[in-house]
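Work through the following exercises with the sequence and the model open. Each task is followed by a solution in steps.

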Amino acid sequence: AVVSTQSTGSGAMGQYKRASMLREMNKAYAAFNHPHPTSGAPVSTGNWGCGAFGGHIQLKSMLQWAVASETGRPLLYYTFGEDVAEFMDKVADVLLKNKVTVGKLMEAVVSTQST
């Protein structure tokens with residue numbers, strides 16, 4: 001099944017507002033949390049809203065990863081050759097090694113929010 005999401009141009013700093021992050025996570029939840037014929041099938045995703053909409057790749061990837069974890073779906077994240085996305089494997093390794101929970105990850109992400 002193919003599920004699509006839509007991006008809004010909330011701007012560079014607007015994406016760090018709690019409401020914007022929750023909106024992104026709700027979209028990801030709606031896309032990732034649906035019955036799939038194959039139990040545990042991975043979610044294939046990428047840089048949502050990071051092109052013309054100016055989204056921050058690191059933020060969007062962490063939000064999607066958190067939601068995929070909460071829905072019990074493996075995540076296949078495609079960076080589309082963006083140099084800025086090269087860090088993701090290293091960050092994932094550090095978070096997993098240190099047993100960082102989705103809750104702790106989201107606390108850290110939300111702490112970056114703008115007012």
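**Exercise 1. Which residues of the largest nonpolar core touch the most other members?**

Step 1. A nonpolar core is a set of buried Ala, Val, Leu, Ile, Met, Phe, Trp, Tyr and Cys residues joined through side-chain atoms within 4.5 Å. Buried means under 20% relative accessible area, exposed over 50%, and partly exposed in between, with a 1.4 Å probe and protein chains only.

Step 2. The largest such core has 22 residues, and F32, L63, L105, M106 and V109 touch the most other members.

Step 3. Two or more residues each come from α2, α3 (57–70), α4 (88–97) and α5 (102–110). Helix α3 gives the largest share, seven residues. Helices (H or I, at least four residues) and strands (E, at least two) are DSSP runs, numbered from the N terminus.

Step 4. Take V109: apart from neighbours within four places in sequence, V109 is in contact (heavy atoms within 4.5 Å) with M21, L59, M62 and L63.

This is a predicted model, in which local features need pLDDT of at least 70, side-chain atom pairs count only at pLDDT 80 or more, and totals for chains, interfaces and linings use all residues. Residues are numbered from 1 along each chain as its sequence is written, and side-chain values use heavy atoms, with hydrogens and water left out.

**Exercise 2. Describe the aromatic pair found in the whole structure.**

Step 1. Rings of Phe, Tyr and Trp (its six-membered ring) pair if their centres lie within 6.5 Å; planes under 30 degrees apart count as stacked, over 60 as edge-to-face and the rest as tilted.

Step 2. The search of the whole structure gives one pair. F32 and W48 form this pair, with 5.8 Å centre to centre and 55° between the planes, hence the label tilted.

Step 3. F32 sits in helix α2 and W48 in the loop between β1 (43–46) and α3, 16 residues apart, and the pair links distant parts of the chain. Both residues are buried.

**Exercise 3. Is S61 buried or exposed, and what is it in contact with?**

Step 1. S61 belongs to helix α3.

Step 2. Its relative accessible area is 2%, so S61 is buried.

Step 3. Leaving aside neighbours within four places in sequence, S61 is in contact with Y77, F87 and M88.

Step 4. The C-alpha atoms of S61 and T79 are separated by 9.4 Å, and the two residues are 18 apart along the chain.

**Exercise 4. In what order do the elements run?**

Step 1. The protein has five helices and two strands.

Step 2. From the N terminus on, the order is α-α-β-α-β-α-α.
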